[in-house]
Amino acid sequence: MAAKKKKGQLSLRFSDDERIPKLAGVLLLFLALYLFIAFTSYLFTWHIDQDRVLRFSWELLLDSRFEMANWLGRLGAILSNFFFYYLFGLPSFLLVYLFALVGSALIRRIPVYRFTSRIRYTVILMFFLSLIFEFLFGTFGFPWGGAIGDNVNLWLFRFVGTAGQVVLFGSIAFGLVVWRFNPNFDQLSFGQAMQEVYYYFEALIQGKVFRRAKPADLREAQSKLRPGPKSQSRINTSGSGEQDIDEEFEGELPDVAIPALPADLKQGGQLAFDLNRAKNRPPVANSPGDLELEMGITEPEERLPIIENAPDLNMQPLDLAQEENPDHSEPYDPTLELSSYEHPVLALLNDYSDQKVEIDREELEANKDQIIETLLHYKIEITKIRATIGPTVTLYEIIPAPGVRISRIKNLEDDIALSLSALGIRIIAPIPGKGTIGIEVPNKKKQIVSMKEVLMHEKFKKAKMDLPIALGKTISNEVFVADLAKMPHLLVAGATGQGKSVGINTILVSLLYKKHPSQVKLVLIDPKKVELFPYSKLDNHFLAFLPNQDEPIITDTTKVIHTLNSLCMEMDNRYDLLKKASARNIREYNDKFVQRRLSPLKGHKFLPFIVLVIDEFADLIMTAGKEIELPIGRLAQLARAVGIHLVIATQRPSVNIITGVIKANFPARIGYKVTSKIDSRTILDAGGAEQLIGRGDMLLSVGGEMIRLQGAFIDTPEVENVIDFITKQQGYPEPYFLPEYYGDDEPPGKTDLKYTDLDEMFEDSARLIVQSQHGSTSMIQRRLKLGYNRAGRIMDQLEAMGIVGPSEGSKAREVLIYDEGELERFLADVRTRK
Ligand SMILES: Nc1ncnc2c1ncn2[C@@H]1O[C@H](COP(=O)(O)OP(=O)(O)OP(=O)(O)O)[C@@H](O)[C@H]1O
């Protein structure tokens with residue numbers, strides 16, 4: 001008895017010992033390496049060794065008189081010949097892969113059964129390839145498909161003949177592809193195929209060959225699409241462009257005032273008019289009459305930082321989410337359900353390159369002279385003036401002489417504007433973080449910043465953000481990419497016709513270019529019913545809305561109220577999930593889910609980010625007031641941690657629209673041109689937006705910092721191209737449904753839901769729940785083979801109909817109907833409620 005117990009204990013300890021599988025893994029890895037070397041060597045030495053090793057004998061293996069050419073000696077020669085000649089031929093290499101796969105799984109403690117399907121595919125592939133190789137190359141001496149390939153081929157040849165073999169192998173290959181990759185043929189159409197060919201050739205003609213980009217490929221594809229260094233302007237937005245200028249001019253600065261600028265000087269980049277002629281000469285600013293101007297080209301200076309580097313507005317540190325996967329299982333891939341989804345390609349967008357205008361050198365110098373003259377007129381001396389040329393405005397940055405008060409310059413804003421006779425002069429005194437004063441002067445000819453150039457820029461391509469949005473370019477011509485998730489909500493306002501709708505399109509298109517449908521969902525509200533209409537086609541890819549909604553884009557005020565409240569419910573549900581998972585924010589939660597540390601059986605699921613966009617929010621506030629404002633305020637206050645972010649836009653920036661509640665909760669705001677300083681203050685808490693020049697010129701205020709940007713331009717046909725590109729691909733079987741919301745005045749209850757409102761599977765689910773007396777969503781999901789969202793919706797309906805009780809966290813709900821007879825009577829009654 002004692003001995004038995006001991007033995008039991010021993011075996012328990014033995015099976016618990018994690019070193020055993022690790023040692024087995026090491027052995028397999030060693031075997032894989034050994035076979036790999038032996039097999040590789042066999043490719044070069046088989047003809048030398050084959051005669052001797054064809055017939056195995058122990059003597060051959062053990063007698064040291066036999067010398068083999070194989071790099072691994074006699075054992076290597078015998079083993080590789082065995083696998084190549086007697087078994088599978090060249091595909092024997094797949095065995096190396098299998099041993100390595102299983103070996104590495106064992107040492108990483110990943111259960112081998114997770115790889116069952118991969119192992120199965122590999123073994124089948126090995127058989128199949130040995131058949132094919134032998135069929136194709138069987139007449140050569142090398143054992144391409146080994147004895148297995150040879151014998152099966154011989155049998156097949158006698159059975160179906162050569163033509164039959166070709167057909168059979170073709171069908172098997174096709175069948176294997178279907179089995180392994182389950183490609184979608186539903187949407188295979190001649191038109192789509194032609195369009196793909198067209199995109200390819202269009203790019204080919206432009207010398208921009210690329211593959212249809214997957215996220216990782218996008219970088220490569222875009223770098224190919226970027227113009228080569230030769231086509232870059234000498235003075236350019238990019239770092240390399242500015243470098244060019246430096247090299248061009250260094251050491252050549254003549255001693256005369258204002259040397260000639262290069263003839264092909266284009267917009268972008270930074271020029272400095274240094275009022276200290278020589279570095280070793282003391283400043284001469286105190287004697288204005290004596291000023292000699294010298295133009296130097298300076299290194300591009302760090303301007304207002306992009307949001308990418310801005311401090312994390314999210315209070316919760318994110319790096320804590322990077323914990324190790326405890327059971328070392330293969331991570332969950334949320335994109336798997338639409339694994340063949342391809343991100344839109346850049347060829348769908350327009351270049352607007354013909355719109356690029358050269359800056360007028362004389363305009364630059366004239367403005368500079370005017371500024372200096374005007375300032376001198378008011379006895380303001382300066383030591384240095386520098387110009388940074390942007391797409392729509394040029395920033396003249398001046399360093400006043402010591403002792404000059406900044407407020408004096410600020411007060412002269414109007415005089416300087418008058419003397420430069422240009423609209424929209426904005427004076428920034430001082431530029432935050434620098435001792436300089438900025439004077440922004442609009443360029444006579446403005447440059448369109450295309451969405452395409454912004455999306456193809458490294459900053460966007462490399463952006464590792466949750467919700468990257470490419471807004472446009474700063475006035476120093478730097479591409480500006482921000483993370484909406486960190487903003488964490490955005491208020492967009494500006495007078496009509498100044499670029500707001502284009503701006504919303506750039507935000508949405510940025511997300512469509514960068515994100516997989518599993519990662520982000522859009523809730524689109526458009527009371528004007530026009531601007532966001534094209535996006536309605538994305539319902540099964542990127543949209544989220546209420547279950548009984550006919551139109552994917554929400555236009556009706558009552559539906560908007562329901563949607564906002566439903567989003568609040570979604571937020572609460574997500575908080576529950578986060579709490580159960582001990583995660584502090586969506587990133588931590590999703591990281592845990594991806595690492596398979598949260599079980600779907602307990603209700604956990606991968607949470608996509610949700611972006612709510614309201615285009616024209618004034619009408620809603622005017623008609624529904626608090627009913628709109630309160631849920632927006634609640635979402636804005638609380639929703640960022642669970643990945644719900646808002647973008648709300650209005651063309652009426654008055655205080656009764658942009659109320660205190662809204663303002664307090666939207667730290668990031670974009671102001672397009674407005675008609676008055678008061679409007680500017682309403683939006684940005686500061687003046688300035690009234691001095692913008694329209695057509696996408698904007699001020700972004702975030703975290704107390706103000707950045708002037710030229711918005712990227714994207715036209716409606718381009719937006720439609722992108723949407724069509726996505727909708728032609730397979731989407732999810734259904735949209736992402738938000739939780740059902742019934743409204744306060746129509747509380748969920750027996751009398752409210754009509755039979756027609758109920759899900760088709762409602763009755764079956766009710767029977768299942770009553771039969772099993774177990775109120776669990778995951779059971780409905782599993783037994784009736786329904787998606788998680790749909791099962792959840794049915795459970796809500798069961799609750800509303802009084803069949804189950806309310807949710808009790810991770811526990812099953814109470815079932816309120818006890819026997820099937822009672823249920824059938826109840827259902828018959830419900831059926832009559834049409
Ligand atoms: N970033 C931009 N670059 C160049 N032009 C632009 C840009 N944004 C807008 N425009 C020009 O301004 C016009 C009006 O833009 P948009 O429709 O976005 O204005 P809006 O503020 O949405 O107007 P509304 O409120 O009436 O809808 C566009 O048709 C376009 O010609």
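**Cores and ligand shell**

Trainee: Which residues of the largest nonpolar core touch the most other members?

Mentor: The model is predicted, with local features needing pLDDT of at least 70 and side-chain atom pairs pLDDT 80 or more, while totals for chains, interfaces and linings use all residues. Numbering runs from 1 along each chain as its sequence is written. A nonpolar core joins buried Ala, Val, Leu, Ile, Met, Phe, Trp, Tyr and Cys residues through C-beta atoms within 7 Å, and buried denotes 20 or more other C-beta atoms within 10 Å of a residue's own, with C-beta atoms placed from the backbone. Among the 114 residues of the largest core, those touching the most other members are L524, V611, V613 and V647.

Trainee: How many residues form the second, separate core?

Mentor: This second core is separate and includes L28, I78, L79 and W144. Its residue count is 26.

Trainee: Which residues come nearest to the ligand?

Mentor: The shell around the ligand (C-beta atom, placed from the backbone, within 6 Å) holds 15 residues.

Trainee: What share of the chain is buried?

Mentor: The chain has 834 residues. Its buried share is 40%.

Terms used
Buried ≥ 20, exposed ≤ 12 C-beta atoms within 10 Å, placed from the backbone.
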